[in-house]
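Subject: Structure handover

Hello,

Here is the structure I said I would pass on. My notes on it follow below.

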Amino acid sequence: MQYIQVTFSFVSIHEYQKDLLINELAEIGFNTFEDTENGFSAFIDQESYSQYNLTDAMIQFEDEFEYAYTVTEIAAENWNEEWEKNFEPLIIDERCYVRATFHSPQPQYRYEIVIDPKMAFGTGHHQTTTMMMRYILNADVTGKLILDMGAGTGILAILAAKKGAKELVAIDNDEVCYLSALENAALNDIHTITALWGGKDVIPEREFDIILANINRNILLDQIPVYARVLKNGGDIYFSGFYESPDLDMITDACKALNINYCDHQKIGDWVAAHFKKLE
Ligand SMILES: C[S@@+](CC[C@H](N)C(=O)[O-])C[C@H]1O[C@@H](n2cnc3c(N)ncnc32)[C@H](O)[C@@H]1O
C-alpha cells in the first residue's frame with residue numbers, strides 16, 4: 001500500500017491550534033502524526049487521501065495562523081523505516097512501558113506493551129491515549145467484559161487484557177487499524193481480544209462492564225445511544241478525543257439523558273479524557 005505524507009510547517013502556532021488542526025486532519029482520515037522541526041507530518045493511505053478534503057479542512061485555519069505544506073507519496077516499505085526512526089519507548093506512571101519490537105524489553109515495569117503501529121493511531125504517545133491508559137491503569141478491570149471502540153493499534157484493549165480483563169471486543173472502522181489491532185494482540189500474546197472491522201453497527205448486543213472510546217466528539221455523540229444500550233447497569237465509560245469546552249458539556253448532557261453520569265475528567269494540554277458511570 002502507498003501512503004501520503006503531508007508535512008506542515010508554521011512560522012508560529014499555538015499548541016491548541018496544532019491540536020485543532022490534528023483533530024481536523026483525523027476527521028478526514030489522517031491517522032498518524034509525527035513532529036518535525038518546524039511543524040509536523042501527517043500520514044494517510046493513498047486510497048483515503050483527497051486533496052479536495054485537505055483544502056476544505058484548511059480553509060477554516062486561513063485567518064488563524066500561517067502555514068505551508070508539502071504532499072509526498074511514500075512507499076509502504078519506507079514507512080516502517082520512518083516510524084521506526086521516530087518511535088521512542090514510552091513509560092506511563094512508572095507502571096506501563098510501551099515499546100516497539102526493536103526496543104529491548106524492560107521487565108522492571110509491571111505492564112509491557114509491544115506495538116507495531118504501521119499506519120494505525122495509538123502508540124500511547126498522543127495525550128488522549130496516555131490519559132485513557134492512566135484510567136485503565138487505575139480501574140478495576142479484572143474479570144470484566146470490555147468494549148474498545150475506535151481501537152486503533154489495540155493498545156487500550158491490550159493494556160486492559162494484561163491487567164486481567166476477561167474478554168475484550170476491539171472495533172475500528174478503518175481496515176488498517178483493525179488488522180493492526182489483530183497483529184498487536186498476537187504480538188503481545190493476548191488471546192482474549194476479538195477484533196472487528198466496522199462502526200457502531202458491529203457492536204455486539206452484549207452487556208459490557210466497561211466501554212473505552214477515544215475517537216472524537218461528534219462520533220462519540222453519535223454512538224452514545226448504542227453505548228448506553230450495551231453497557232450494563234453500574235458499568236463505566238472512559239472517553240477521550242475532545243476538548244473541555246464545549247465538548248465535555250455536550251457529551252455529559254448526552255450521557256445524562258441516558259442515565260450515565262459524569263464522574264471526573266483529566267486534561268493534558270487542551271485534550272480531555274472523562275469517566276462516566278451508568279446508574280445501577
Ligand atoms: C484517536 S484514535 C484512538 C486509537 C486508540 N484507541 C488510542 O486510544 O490510541 C481513534 C480511532 O477511531 C477510529 N474510528 C474513527 N471513527 C470511527 C467509527 N465511526 N467507528 C469505529 N472506529 C472509528 C479511527 O480509525 C481511529 O483508529
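Is D93 buried or exposed? D93 has 12 other C-beta atoms within 10 Å, and 12 or fewer counts as exposed, so D93 is exposed. Before the rest, please keep in mind that this is a predicted model.

Confidence

The chain has an average pLDDT of 91, and 94% of its residues score at least 70. For the complex, the predictor reports an ipTM of 0.99 and a pTM of 0.79. Where pLDDT is low, the predicted coordinates should not be read in detail.

Backbone points to check

D93 sits in the loop that runs between β5 (90-92) and β6 (96-99). Its phi is near 50°, which is a positive value in a residue other than glycine. E94 is in the loop between β5 and β6 as well, and the phi of E94 is near 60°, again positive in a residue that is not glycine. E94 counts as exposed because it has 9 C-beta neighbours inside 10 Å. The other item is a cis peptide bond between S245 and P246, with omega at about 5°. P246 belongs to helix α8 (residues 244-256). For background, most residues other than glycine have a negative phi, and most peptide bonds are trans.

Domains

The chain divides into domain 1 (2-83) and domain 2 (128-278). Their C-alpha centres are 26 Å apart. Contact between the two involves eight residues of domain 1 and six residues of domain 2. On the domain 1 side, helix α1 (residues 15-27) supplies the largest share, six residues. By type, the residues on that side are two nonpolar, two polar and four charged.

Cores

The largest nonpolar core holds 59 residues, and those with the most contacts inside it are I146, L156, A157, A160, I211 and L212. Helix α5 (residues 155-162) gives the most to this core, contributing seven residues. Leaving aside residues up to four places away in sequence, I211 touches L147, M149, Y227, L231 and I237. Another core, of eight residues, lies apart from the largest one; its members include L21, L25, F30 and F43.

Helix α4

Does the end-to-end distance of helix α4 (residues 127-138) agree or disagree with its residue count? At 1.5 Å a residue, its twelve residues should span 16 Å, and the end C-alpha atoms are 17 Å apart, so the two agree. The buried residues in α4 are T128, T129, T130, M131, M132, M133, Y135 and I136.

L221 and its contacts

L221 is placed in helix α7 (residues 217-230). With 16 other C-beta atoms within 10 Å, L221 is partly exposed. Which residues does L221 touch, not counting residues up to four places away in sequence? They are M250, I251 and A254. L221 and A254 are 33 residues apart along the chain, yet their C-alpha atoms are separated by 6.9 Å.

Regards

Methods
Residues are numbered from 1 along each chain as its sequence is written. This is a predicted model: local features need pLDDT of at least 70, side-chain atom pairs count only at pLDDT 80 or more; totals for chains, interfaces and linings use all residues. A nonpolar core is a set of buried Ala, Val, Leu, Ile, Met, Phe, Trp, Tyr and Cys residues joined through C-beta atoms within 7 Å. A residue is buried if 20 or more other C-beta atoms lie within 10 Å of its own, exposed if 12 or fewer, and partly exposed in between; C-beta atoms are placed from the backbone. Helices (H or I, at least four residues) and strands (E, at least two) are DSSP runs, numbered from the N terminus. Two residues are in contact if their C-beta atoms, placed from the backbone, lie within 7 Å. Domain bounds come from an automatic or database domain assignment. Ala, Val, Leu, Ile, Met, Phe, Trp, Tyr, Cys and Pro count as nonpolar, Asp, Glu, Lys and Arg as charged, and the others, Gly among them, as polar. The expected span of a helix is 1.5 Å times one less than its number of residues. pLDDT is the predictor's confidence in each residue, from 0 to 100.
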